Amino acid sequence: MTDSLDQDVARLATFTEAGERRLAALPPRPDRTPDEQEQAARIHADARQVRRAFLARHTETIYGLLTDGLTRPVRLPELVVAAAERFPGLVPTREQMAAERAHVQAHKEGREIDQGLFCGAVLRSPTVGRHLVETMLRPTPRALDLVDAFRADGRAELDTVLVTRRGTTAHVEFRNAARLNAEDERLIADLDTAVDLVLLDDAVAVGVLRGGTVDHPKYRGRRVFSAGIDLTDLRDGRIPFVEFLLGRELGYLNKILRGLLTDPAPGAVAQRMTSKPWIGAVDAFAIGGGMQLLLVVDHVIAAENSYVSLPAAEEGIVPGLGNLRLTRHTGARLARQVLLGGRRIAAADPEARLVCDEIVPPDGVDEALDRAARALSAPAVAANRHMLAVAEEPLDLFRDYLAEFAVAQAERAYAPDVLEKVERRWRERERRRAAERSAS
């Protein structure tokens, strides 16, 4: 690599194209011999070394070209597509990603790792990384299409989320009933839209997050907050890195914590941040991504028979920003027990008070919600919780962490131990289903 962008773009394209030809000469991943698997791994490793060298020299320049000198907000999914088209070989093309989506996780080439390298390099830059973070704090196009109807009706029914306004409180209810309200691609997209609607509606003072009733035999008819990432979808290759694993952190989770970035009001100079207090109500359990969600809300109400956990060690992936945020709540020792040892915190445990504000009987959650919403609707609450976020998690701290997370999470999603675990769980589930069919 040189300091000439044009020369390095040409060299990157030539090198990666040669690697793709060598890769295409090999059988598909599940049919490769151990020697062929090693050949493919070397091809990918060599290409990634060149991409890293290219990004080390040109990240800010290419981001500037993709965003017209940082004057145009380009959301992360569109940014990655534009980078593939304008700088061949830097990130996978649409066609390559479509081909990946046709396979289970273990049979993919792992091209999302290349997306992780690109996203990590962008986020690592204080200038362009901040621009990307702020871009992702803007309302989604889908929310802008729906907000007028929500303001008028106080109701938005999405595929897996129901949003209803009751007085000045907006209730966001997860409705992925067949999967214990686990996070899948639909729920992530719906939550991004739902959070935007709550923040865009001036009639709303407080947002509430709660799981709806589920269909699982063990919990049928009961509310469940969230079972975390859908490991079946991860095994089947339906957990996209850009839209899901990174998008949720830059999207609704960050909006709940930091607020929504909107265009200036008429006559104003600066952009506006719309921040509102949020309440999380935990029925049954909040696992993985569900517990991560509790770390960005302002008040947590948990039923006495519920529990929370971040089973990162068991799943093998990084639990989002849980590693950054949990220590603020629990201290370093307990955070390590949860994150590294898989410790589950029951609502009945004394330590539950470190992550929950109120522990109430199961039939007292509704009353506690109403009481907390009234308390948090005071005029000064929104301003003070915004300043708490600024003090506890400055934007550059968030950006620096996410730059490392982007690479680490993409690599972990294709790590052999993760692939083996999700495959083993899938086989165990299939055996249980077969046994249930035989018994019936």
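Two strands pair if DSSP finds at least two bridges between them. The legends below concern a predicted model.

**Close-up 1. Three strands, β8, β10 and β11, form an open sheet.** The strand order is β8-β10-β11, and the pairing is mixed. Strands β8 (285-287) and β11 (345-346) are the edge strands, each of them pairing on one side only.

**Close-up 2. Strand β10 is joined to β11 by two bridges.** Strand β10 spans residues 307-309, and the two strands run antiparallel. Tyr307 has Ala346 of β11 as its bridge partner.

**Close-up 3. Phe285 and Tyr307 form a tilted aromatic pair.** In the pair of Phe285 and Tyr307, the rings are 5.6 Å apart centre to centre, with 35° between the planes. Phe285 belongs to strand β8 and Tyr307 to strand β10, so this pair ties together parts that lie 22 residues apart in sequence.

**Close-up 4. Helices α2 and α6 cross at roughly 40°.** Helix α2 comprises residues 34-66 and helix α6 residues 126-136; their axes come within 9 Å. The two helices are therefore oblique to each other, and α2 passes α6 in a left-handed crossing.

**Close-up 5. Residues of α2 meet residues of α6.** From α2, the contact involves Thr59, Glu60 and Tyr63. Their counterparts in α6 are Thr127, Val128, His131, Leu132 and Thr135. By residue class, the contact of α2 with α6 consists of three nonpolar, four polar and one charged.

Note on methods. Residues numbered from 1 in each chain as written. Predicted model: local features only at pLDDT ≥ 70, side-chain atom pairs only at ≥ 80, totals over all residues. Heavy atoms only, no water. Axes fitted to C-alpha atoms, helices over the stretch in contact; angles between N-to-C directions. Helix = DSSP H or I, 4+ residues; strand = E, 2+ residues; numbered from the N terminus. Parallel < 35°, antiparallel > 145°, perpendicular 65-115°, else oblique. Left-handed = near helix turned anticlockwise from the far one by under 90°. Contact = heavy atoms within 4.5 Å. Nonpolar A, V, L, I, M, F, W, Y, C, P; charged D, E, K, R; others polar. Phe/Tyr/Trp six-rings, centres within 6.5 Å; stacked < 30°, edge-to-face > 60°.
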